[in-house]
Protein chains: 2
Amino acid sequence: MNFKIEKKLKNTLARAGVITTPHGEIQTPAFVAVGTKATIKSLNPDQVASTGTEIVLGNTYHLYLQPGDEIVKKAGGLGKFMNWRRSDAKGNESIGPTMTDSGGFQVFSLGAAYGKEISKVVKITDPSFLLPERFDDSDAPRLAKIGADGVSFKSHLDGSLHYITPEKSIEIQHNLGADIIFAFDECTSPVEDLRYQEEALNRTHRWAEKCLEYHKSKDNSKYQALFGIVQGGRDESLRKKSAQVIAEMNVEGKYFDGFGIGGSFAKEDMSTAVKWVNEILPEEKPRHLLGIGEPEDLFMGIENGVDLFDCVLPTRLGRNGTLYTKYGKINIENTKYREDFGPIEDDCECYTCVGGKFSRAYICHLFHGKEMLAGTLASIHNLHFIVNLVKKIRQSILNDTFYDLKKDFLKNYAKH
Amino acid sequence: MNFKIEKKLKNTLARAGVITTPHGEIQTPAFVAVGTKATIKSLNPDQVASTGTEIVLGNTYHLYLQPGDEIVKKAGGLGKFMNWRRSDAKGNESIGPTMTDSGGFQVFSLGAAYGKEISKVVKITDPSFLLPERFDDSDAPRLAKIGADGVSFKSHLDGSLHYITPEKSIEIQHNLGADIIFAFDECTSPVEDLRYQEEALNRTHRWAEKCLEYHKSKDNSKYQALFGIVQGGRDESLRKKSAQVIAEMNVEGKYFDGFGIGGSFAKEDMSTAVKWVNEILPEEKPRHLLGIGEPEDLFMGIENGVDLFDCVLPTRLGRNGTLYTKYGKINIENTKYREDFGPIEDDCECYTCVGGKFSRAYICHLFHGKEMLAGTLASIHNLHFIVNLVKKIRQSILNDTFYDLKKDFLKNYAKH
């Protein structure tokens, strides 16, 4: 993997660049589409590519349990298994770039954090977290136990017992074969006290080193890039310490190829926390803000030096009938759209909107009828909206118009 | 509407032809894709067109209740509302042909027949019928009442009361604006006795005349073709009588533009019943066998003079993981497909199979994971399979190879 910065925005941490992976380039800042179980929900790979998406993410925890990482390996890796293809400028199709998370967050959110109502306290950064059918069951037992060497947990599918260590996480991710993989970390609950946060952070750092060591010992490290994850909750000193440790961590001169910024944030202090971290992380390596992706957050993150984002919101909101527009989010199920024969957005170039083919009235009808096409058309629009917002921000860095774009966009976006 | 027979198969009732509608041509025999609520479940219109589908059907009962036929009219009619487009030979896209049923069957199956376990007695011909969530509720009340002038029923959505007469059915279908519409009929339950069947048939014939009269009085009759429906259950004399009456029915010289063959059949005597009817119906007008579409039935129907078929099975079976192959149906959720990295069918040209992009292993995984893409990929394959089987049968009529194709296909198809 190679990362080249093309332009930096004066007096900020923002930059535009290009990541080159064995499966093609990613223009950064970029939005990564989340395909938890090797599919971006309700979309086929051509529909995903049509939104401008350049890279997709699969969840290690889910793919380890189903279909199993060995099967994905036999299929030729995640990109090939899910048939994630992009066309280059000449129209030639090939398997595109992929990434996998480490499984740490899912073990936490489906295991240890299961049943804790932390969604009311903080901005939840993980896709699987807000799934009401899981989180509403507050009497559910804690399924995961965190020990010094790793995490034991019961599968949410069949109750079978599993034990994931840092080495095991990397082994699974080697089998999944994504271009970018992540170190195994503990994502702490923000309701834990500072003493626990520190203990967990130390554990995350020990695990990071084990991941790096295991990764270095395998040939996969020649073509899979390993990102270390910075944790530290909401505490300034822990966050800064974590950035320092992860940035400098190396095993016989083998450093992390990039960085993830993980954990829970309160919406209002997220930008501060991201800045603390990115001022310390080495400029020449890419940074991924894990699980964050609302429009305001994208401007904030990019201004503070983030290169990559992933989030399930475009597709999850889409499946629930909530659509992004430049004037804010709308709920297409609202009866006022029943006879609105225009597209979601007049000037949108997505498959759903372009040429006015699918009207608000039609999409409203599909949602009322609980038809699958509803979620598909809405997800295409939302993913296109977010991916292209990040592309516009990228362009504004190149053009030195970032602040104009930010001001205009956020002013309009607040209208609804 | 115009119907031109290109070739007849000697010593049978089979023929290949072309129906010309205001929205383009349909090569017959043809399979009509069912889009109950103005969407072919889990597919977008481009995916439907990619299967070779030339015409789609919407259900009057469902569209009347939601979103309402007035809204579909304001949207520019069913084809435009659902954005059903096809490309012509030059690649120019335009709204394609559509049809609507009369609502009679849905009123029956969701109303009067609600809770009757007739699916065990006979081959069920209607899409909406086999939905287990409706049919399993055997304690449900009868919601519909059939009177001399029409049918009163409660909406399955909100319990609101409605009254549909033959005139109202045609008025709704004029609003929906499909190229081919159907007369309002009573589809009797096959468990009713002969006396009731005869009474119902007489009512269906009276209603047919009212439909024809109302249709003739409106400008819509200039561009929407009205098909009369032949009923009569499993009784030879009633079926023949119905064919005779509907064939000869006219209002001041205005006849039906084509014919539907409706009702329930036992699988084993369906071919006889279809033959009785088609030997009587005028050769120069198209005939549609309503709600039938298994491979064996397509050969049977075409051999006995059927030009059009519709059925939800390709998409419903697809959503349940059952896939058509030339060696019979397979259940892709079977564990033996977990590591099967070939496509559903090696030589299939559908989006799902072509180029081996989506493997059986991947589709098996998507079904196990309850992912929406599972139903989409399976439905594309199944619809492509059935639509192209009918296209092959058409070609075999033109080439005089019908019996070779039938023998080969059915021999292979029985293998699984």
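Q: Which residues is A:D101 in contact with, leaving aside its neighbours within four places in sequence?
A: In this predicted model, A:D101 sits in the loop between β8 (98-100) and α5 (104-112) of chain A. Residues within four places in sequence are left out of the count, and the contacts of A:D101 are then A:L57, A:N59, A:T60 and A:F182.

Q: Is A:D101 buried or exposed?
A: A residue is buried if 20 or more other C-beta atoms lie within 10 Å of its own. A:D101 has 33 C-beta neighbours inside 10 Å, so A:D101 counts as buried.

Q: Which residues does the UniProt annotation "active site" cover?
A: The annotation comes from an unreviewed UniProt entry. One of its residues, A:D101, is in the loop between β8 and α5 of chain A, and another, A:D310, is in strand β18 (residues 308-311) of chain A. The annotation covers A:D101 and A:D310.

Q: What is the largest C-alpha distance in the cluster formed by the "active site" residues?
A: The UniProt entry gives A:D101 and A:D310 as "active site". They are spread over 210 residues of sequence, yet they cluster in space, with a largest C-alpha distance of 10.5 Å.

Q: Is A:D310 buried or exposed?
A: The cut-off for a buried residue is 20 or more other C-beta atoms within 10 Å of its own. A:D310 lies in β18 of chain A. With 25 other C-beta atoms within 10 Å, A:D310 is therefore buried.

Q: Which residues does A:D310 touch, not counting residues up to four places away in sequence?
A: A:L57 is among the contacts of A:D101, and A:L57 is also among those of A:D310. With residues up to four places away in sequence set aside, A:D310 touches A:V32, A:V34, A:L57, A:L290, A:G291 and A:G293.

Q: Which residues touch A:S102, not counting residues up to four places away in sequence?
A: UniProt lists A:S102 under "binding site" in an unreviewed entry, which also includes A:D185. A:S102 lies in the loop between β8 and α5 of chain A, and 31 C-beta neighbours inside 10 Å make A:S102 buried. Its contacts are A:T60, A:S169, A:F182, A:A183, A:F184 and A:D185.

Q: Where in chain A does A:G103 lie?
A: A:G103 is among the residues that UniProt lists for "binding site". A:G103 counts as buried, with 26 C-beta neighbours inside 10 Å. Its contacts beyond four places in sequence include A:T60, A:Y61 and A:Y64. A:G103 lies in the loop between β8 and α5 of chain A.

Q: Is A:E333 buried, partly exposed or exposed?
A: A:E333 is in the loop between β20 (328-331) and α13 (360-368) of chain A. A residue is buried at 20 or more other C-beta atoms within 10 Å, exposed at 12 or fewer, and partly exposed in between. A:E333 has 17 other C-beta atoms within 10 Å, so A:E333 is partly exposed.

Q: How far apart in space are A:E333 and A:A361, C-alpha to C-alpha?
A: A:E333 is in contact with residues including A:C364, A:F367 and A:H368. A:E333 and A:A361 are 28 residues apart in sequence, and their C-alpha to C-alpha separation is 9.2 Å.

Q: Which element gives the most to the side of domain 1 of chain A that touches domain 2 of chain A?
A: Chain A is divided into domain 1 (2-311) and domain 2 (318-413). Their contact takes 26 residues from domain 1 and 24 residues from domain 2. On the side of domain 1, the elements giving two or more residues are β1 (2-8), β2 (15-21), β4 (30-34), α1 (45-50) and α11 (295-303) of chain A. With five residues, the most comes from α11(A).

Q: Which element supplies the largest share of the side of chain B that touches chain A?
A: The contact takes 31 residues from chain B and 31 residues from chain A. In chain B, α3 (69-74), α13 (360-368) and α14 (372-399) each supply at least two residues. The largest share, five residues, comes from α13(B).

Q: Which residue of chain B comes closest to the rotation axis?
A: Chain B can be laid on chain A by a turn of 180° and a shift of 0.0 Å along the axis, with an RMSD of 0.0 Å. The two copies are thus related as by a two-fold rotation axis. At 3.8 Å (C-alpha), the residue of chain B that comes closest to the rotation axis is B:M372.

Technical notes. Residues numbered from 1 in each chain as written. Chains lettered and ligands numbered in written order. Predicted model: local features only at pLDDT ≥ 70, side-chain atom pairs only at ≥ 80, totals over all residues. Domains from an automatic or database assignment. Contact = placed C-beta atoms within 7 Å. Helix = DSSP H or I, 4+ residues; strand = E, 2+ residues; numbered from the N terminus. UniProt positions renumbered as here; feature names shortened; annotations may be inferred. Least-squares fit on C-alpha atoms with pLDDT ≥ 70 in both.
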